[in-house]
Amino acid sequence: MSATANSLPAALGTELLAGFPAALREAGLPIDPGRAMNYLHAVRVSRLSGIGDLARAGRVTLTASPEEFPLYDSVFEVWFGAAPIAGVVKSPDEQESPRSDRPQGSDQRLDLLDGDAAGQAAADDHVRNRKNFARAGEDDRDTLARMRRRLDRLPATRSRSWRPAPAGHRIDLAGTIRAARKTFGETLRILRQARPERPRRLLLLIDVSGSMKAQSEPYLRFAHLLTRQRPKVETFCFGTRLSRVTKVLKHRNEEQALAGLADIVFDFDGGTLIGRSLEDFLSVSRHTALVRGAVVIVFSDGLERGDPGAMVHAVERLSRLGHRLVWVTPLAADPRYRPVTRAMAGILPSLDLVADGGSLAALERLIGDLAGLDRRPRRQAGRQYSGASFEAPLRQAQGRTSG
């Protein structure tokens with residue numbers, strides 16, 4: 001294949017081509033490094049005679065379904081400064097000058113005959129979109145230390161098995177008889193049993209989309225603390241896709257654990273589809289098993305971009321399967337906050353608590369709220385909000401959701 005056959009990629013430049021998957025990811029498409037590498041490989045080996053051919057190659061390698069075409073086309077037009085599938089395709093020299101805020105690649109050329117160059121470009125694209133976590137400040141470390149000392153207050157459940165206990169409420173008949181044999185049949189001591197408490201499973205579902213950019217780091221530090229200090233803690237991240245991160249958060253070093261998340265979570269600070277992510281979670285049987293008997297904590301602002309019906313249905317099922325369902329939102333940091341959006345109004349009857357998640361200090365207070373969760377009536381989060389100023393718009397929003 002001659003270099004002239006692929007003059008279009010060479011004219012556009014390395015940075016412009018390699019940065020396109022990142023632009024799609026920021027717009028909300030679930031572009032992982034594998035798709036980015038497939039896209040760059042297709043650009044390298046295909047005969048591209050114009051922008052239209054480049055757009056088609058991107059559609060094949062970077063989208064998963066026709067539903068993603070409109071968003072892909074709009075980003076393509078902005079990024080390359082041309083309509084994606086045009087009837088008349090202009091040559092690269094006839095294109096309008098690229099926008100000043102996108103990478104200029106005129107002085108750099110993509111070596112179309114070198115496979116390593118395309119792979120390196122994809123690797124660079126991955127690095128540019130890694131989530132970088134700053135080191136925790138002194139105040140945050142002090143807050144985490146206080147939280148660590150209070151974790152024994154989290155919800156617990158009774159073990160199914162009976163264990164010897166001096167103040168147990170059930171007589172250990174077999175143990176008492178065995179002890180009496182040693183004293184020639186005289187019962188000198190009555191042994192007792194009790195069902196000891198054990199920590200209840202915690203399931204954390206953390207929204208890492210763009211609207212949660214400022215809060216996702218404190219939430220993940222909280223999740224790391226729980227994972228390291230408590231048994232039976234499972235954590236998932238979601239934005240436009242679902243990622244199980246429990247294994248990474250078990251790392252002893254907090255900073256290294258957070259850095260490791262960038263290798264498995266590719267939708268940080270991107271779009272969000274809460275309902276679809278929760279439905280994807282519940283569609284896997286081994287994930288559903290984690291909900292049973294667990295305290296489920298969803299960290300999200302609840303600002304669903306898609307159909308709120310999917311989110312409402314998924315939350316209702318989470319509530320039925322789990323022991324308690326808590327929704328932690330940074331919006332609740334404002335005392336005037338009322339969950340009257342269509343999605344939040346629809347899920348409110350399924351929630352046991354709506355908690356403030358605006359900071360690590362708020363998460364410290366959340367531990368106290370979780371400690372008293374078993375004493376609260378189920379699915380009564382709406383009692384936190386009262387008054388005609390809330391109930392009227394709530395009924396209106398719930399009516400729109402059900403309709």
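## Basis of the model

Residues are numbered from 1 along each chain as its sequence is written, and side-chain values use heavy atoms, with hydrogens and water left out. Because the model is predicted, local features need pLDDT of at least 70 and side-chain atom pairs count only at pLDDT 80 or more, whereas totals for chains, interfaces and linings use all residues.

## Helices α10 and α17

Helix α10 (residues 213-229) packs against helix α17 (residues 360-371) at an angle of about 40°, their axes lying 10 Å apart; helices here are DSSP runs (H or I, at least four residues), strands likewise (E, at least two), numbered from the N terminus. Axes are lines fitted to C-alpha atoms, for helices over the stretch in contact, and angles run from 0 to 180 degrees between N-to-C directions.

Pro218, Tyr219 and Phe222 of α10 meet Leu360, Leu363, Leu366 and Ile367 of α17, where contact means heavy atoms within 4.5 Å.

## Ser159

Leaving aside neighbours within four places in sequence, Ser159 is in contact with Arg195, Pro196 and Arg198.

## His287

Beyond its neighbours within four places in sequence, His287 is in contact with Phe236, Leu242, Arg244 and Phe281.
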